[in-house]
Every structure is written in structure tokens, then in C-alpha cells.
Amino acid sequence: MSYRLPELTGLGMPEGAETIYLALLDRHTATTAELASQTGRTVKAASELLDWLRAHGLVLRANVLAKTGDPHAGWTAANPDRSLRGLVLKHEEALLQVRGSLPSLQERYLRSRQADDAHSVIEQLETWGDVGNRYHELLRDARDEVLMWDMAPYTAGQGGPVEQSALDRGVRFRQLCDPQGLSAEVKAKRAAVRGLQARIHAELPFKGAIADGAAAVITMDHEPQNAKALLVRRSPLLDALLMLFETSWSRAVPMDRDDTGLGKEEWEVMTLLAAGWKDEAIARQTEITTRTVRRRVQTLLTALHAKSRFHAGVEASRRGWV
């Protein structure tokens with residue numbers, strides 16, 4: 001018969017107490033010596049564990065006159081439905097109190113970090129371990145959105161467990177990828193990851209990530225191990241990094257056509273527009289009015305940040321849309 005129930009250790013039982021307790025549950029009464037022999041402990045150790053169980057109301061002395069440490073002292077288990085339930089309730093109350101104190105503890109944590117941040121908007125990370133730790137902290141604390149610059153060597157899918165954990169929490173990812181070294185397999189797998197939007201942009205300046213617009217980690221080299229990096233906290237510099245990302249994102253090529261924000265009709269108009277068709281010809285071909293064609297052309301100009309039809313064609317070609 002098993003004398004192990006790991007769940008009981010969550011009630012603060014010292015090591016070995018659960019085996020003594022479970023052994024006693026299987027017997028009406030037992031002496032300290034018998035329990036020690038049954039669980040492979042010394043009489044002294046068994047006696048100390050029984051004293052702990054008695055102090056918490058889980059066992060009772062069968063012989064109230066027995067002296068402490070008496071190997072022949074008899075013991076019996078208290079009704080677990082009442083005794084264990086009471087112990088569980090005490091621990092639940094304690095856990096609720098701890099939970100209630102989390103906001104104040106978080107406030108103290110943030111206050112100390114803000115005091116440090118006031119003196120250090122930028123922190124230089126000198127080792128690969130420091131870079132990895134800061135990156136993991138960034139993703140661990142993310143709640144809404146993570147912006148990323150990524151380049152070879154690539155890993156397929158959504159990355160490691162820290163990225164998957166963030167995705168599971170509902171954190172959105174937008175990722176810019178350098179085309180060099182980006183295989184069709186990686187593109188297909190990243191396009192399939194729920195919660196991840198990925199676009200391709202040539203000549204990314206660095207690898208990096210920004211979490212919730214609050215902090216960023218950016219590398220200072222293109223080496224795979226990223227031995228040196230900067231941690232950038234809230235500041236005009238971080239605002240500039242956010243602007244850089246958004247500008248690059250608007251000009252990047254989606255890995256998935258659905259990510260362009262264009263509907264099937266806009267794609268059809270864009271293809272004909274790039275081929276040099278006039279509005280009237282596009283209207284006849286697509287069986288829509290000329291006014292509708294012009295409205296869709298304006299949608300394309302906005303999506304491509306283009307000032308003219310010619311500019312739109314050049315930009316669509318550059319992005320690989322046509």
C-alpha cells in the first residue's frame with residue numbers, strides 16, 4: 001500500500017509526515033515504534049512528525065497519559081473530513097491574503113524599478129546570458145502586443161516556450177523578418193501561427209523586440225548569439241524605435257496575402273492597374289462602375305502610402321504584391 005500523497009505537502013507538512021499520517025489512517029491505532037518501523041524511520045524522527053501532526057489536529061493520542069517521545073505511546077488518526085478540511089481552509093485563507101497583497105507588492109516592485117529607470121533609460125547588456133534573460137523578462141511581462149525585428153538564423157514556427165506562453169496568454173505578435181535566409185518552410189509555418197502577423201522587410205538594422213510600448217531589447221550586432229544589446233525603457237528613444245517599426249511595417253511585404261488588409265476586389269483592381277489598364281477598361285472587365293473602380297484605387301493608394309497611380313504600381317511591385 002502506498003504511503004505517498006504529494007498533494008499533502010502543499011499543506012505545509014514536513015518531509016515524512018505524510019507517510020506517517022497515511023500509515024496511521026490505515027490502522028485504528030498504532031504506537032510510535034510501530035509507525036517508525038512501518039515507514040522506515042527512527043523512533044525519534046517518527047515521534048517528532050507525530051507531534052507536528054498532533055499540533056495541527058490530524059492525529060490524536062490514544063493514550064492521553066503517554067509521555068512525549070514514548071515509543072509505546074498509542075496514536076489514532078482524527079477524522080480527515082473534518083481535520084484536513086480545516087487545515088485546507090486555513091491555507092486557502094492564507095493564500096487569499098497573499099493574493100490580496102499582490103497589488104501593493106507590485107506597486108513596491110514598480111516603484112523601485114522606476115527609481116532605477118529615472119537614472120538609467122538605457123542599459124547595456126554585455127553577455128549572451130544577459131540578453132537572453134532580459135528578452136525573456138520582456139516577453140514574460142507582455143500583456144498586449146510584442147513588436148519584433150527578426151533575421152537569420154530562423155527557427156520554424158512561433159519560437160520557443162517563452163513565445164508560446166505569451167501567445168497562449170493572448171499576446172499579439174507583429175514580426176518583421178529579413179528575407180535573407182528566410183526559407184519557404186519558415187514563411188509557411190509562421191504564417192500559420194495564430195496570433196502572429198509576419199511581414200518581410202529587407203535590410204533590417206538589428207534584431208529586437210518591444211513589449212507593450214514599455215521596453216525594448218535591441219541587439220548591437222548581427223551575430224547569432226547576439227552577445228551585446230541595449231535595454232531601452234520609456235523615453236524619446238523608445239518612441240523613435242516604435243515609429244521606426246511602424247514605418248517599416250507599413251512598407252513591408254506580408255508573408256500571407258490575407259495580411260495586406262486588401263479584399264479580393266482590391267487585388268483584382270490592383271493587378272489590372274499595374275498592367276496599365278484605364279479605369280473604364282477595369283470597370284468593364286470587373287463588371288463594376290467606374291466610380292467603384294476609382295474608390296478601390298483610392299483604397300489601394302492609401303494601403304500602399306502612394307501619392308499617384310504610378311507610385312502605387314511601383315510600390316506594389318516592390319512589395320511583391322503583383
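These legends go with a set of close-up views of a predicted model. Local features need pLDDT of at least 70 and side-chain atom pairs count only at pLDDT 80 or more, while totals for chains, interfaces and linings use all residues. Numbering starts from 1 along each chain as its sequence is written, and side-chain values use heavy atoms, with hydrogens and water left out.

**View 1. Helix α1 and its buried residues.** Helices here are DSSP runs of H or I with at least four residues, strands are E runs of at least two, and both are numbered from the N terminus. Helix α1 covers residues 17-25, and eight of its nine residues are buried, so the rest of the structure largely encloses it. The buried ones are A17, E18, T19, I20, Y21, L22, A23 and L24. For this and the later views, buried means under 20% relative accessible area, exposed means over 50%, and partly exposed is in between (1.4 Å probe, protein chains only).

**View 2. The cavity lined by parts of α9, α11 and α12.** A cavity is a set of points on a 1 Å grid, over the protein atoms alone, where a 1.4 Å probe fits but cannot get out. Grid points are joined across faces, edges and corners, and the volume is the space filled by probe spheres set on the points. The count comes to one cavity of 30 Å³ or more, and the largest cavity has a volume of about 30 Å³. Its lining (residues with an atom within 4 Å of a point) is made of M270, L273, A274, L300, L304, A312, G313 and A316. Two or more lining residues come from each of α9 (264-274), α11 (290-304) and α12 (309-318). By class, that's seven nonpolar, one polar and no charged residues. In this scheme Ala, Val, Leu, Ile, Met, Phe, Trp, Tyr, Cys and Pro are nonpolar, Asp, Glu, Lys and Arg are charged, and the others, Gly among them, are polar.

**View 3. A nonpolar surface patch that includes L102.** V98, L102 and L105 make a patch of about 270 Å². Patch members have over 30% relative accessible area and no salt bridge; nonpolar side chains (Val, Leu, Ile, Met, Phe, Trp, Tyr) are joined within 5 Å, like charges within 9 Å. Accessible areas come from the Shrake-Rupley method with a 1.4 Å probe, and for residues only the protein chains shown count as cover. L102 sits in helix α4 (residues 80-119) and is partly exposed, at 47% relative accessible area.

**View 4. Loop residues D212, A214 and E287.** The loop between β8 (208-211) and β9 (215-219) holds D212, and A214 is in the loop between β8 and β9 as well. D212 isn't a glycine, yet its phi is positive, near 55 degrees; it is partly exposed at 29% relative accessibility. A214 is partly exposed too, at 26%, and its C-alpha atom is 6.3 Å from that of R233, 19 residues apart along the chain. Over in the loop between α10 (279-286) and α11, E287 also has a positive phi, about 60 degrees, without being a glycine. E287 is exposed, at 72%.

View 5. A salt bridge puts a side-chain nitrogen of Lys or Arg within 4 Å of a carboxyl oxygen of Asp or Glu; the whole structure has 15 of them. R134 is partly exposed at 23%, and E137 is partly exposed at 31%.

**View 6. Two salt bridges between separate parts of the chain, plus a network.** D150 pairs with K207, the closest N and O atoms being 3.5 Å apart. D150 lies in strand β5 (residues 145-150) and K207 in the loop between β7 (196-200) and β8, so the pair ties together parts 57 residues apart in sequence. Both ends are buried: D150 at 10%, K207 at 17%. The second bridge joins R309 and D279, at 2.7 Å from N to O. R309 is in helix α12 and D279 in helix α10, so this pair links parts 30 residues apart in sequence. R309 is partly exposed at 34%, whereas D279 is buried at 9%. Finally, salt bridges with shared partners join E123, R134, E137 and R233 into one network.

Methods:
On a 1 Å grid over the protein atoms alone, a cavity is a set of points where a 1.4 Å probe fits but cannot get out, and a pocket is an open set with protein on both sides within 12 Å along at least five of seven lines; lining residues have an atom within 4 Å of a point.
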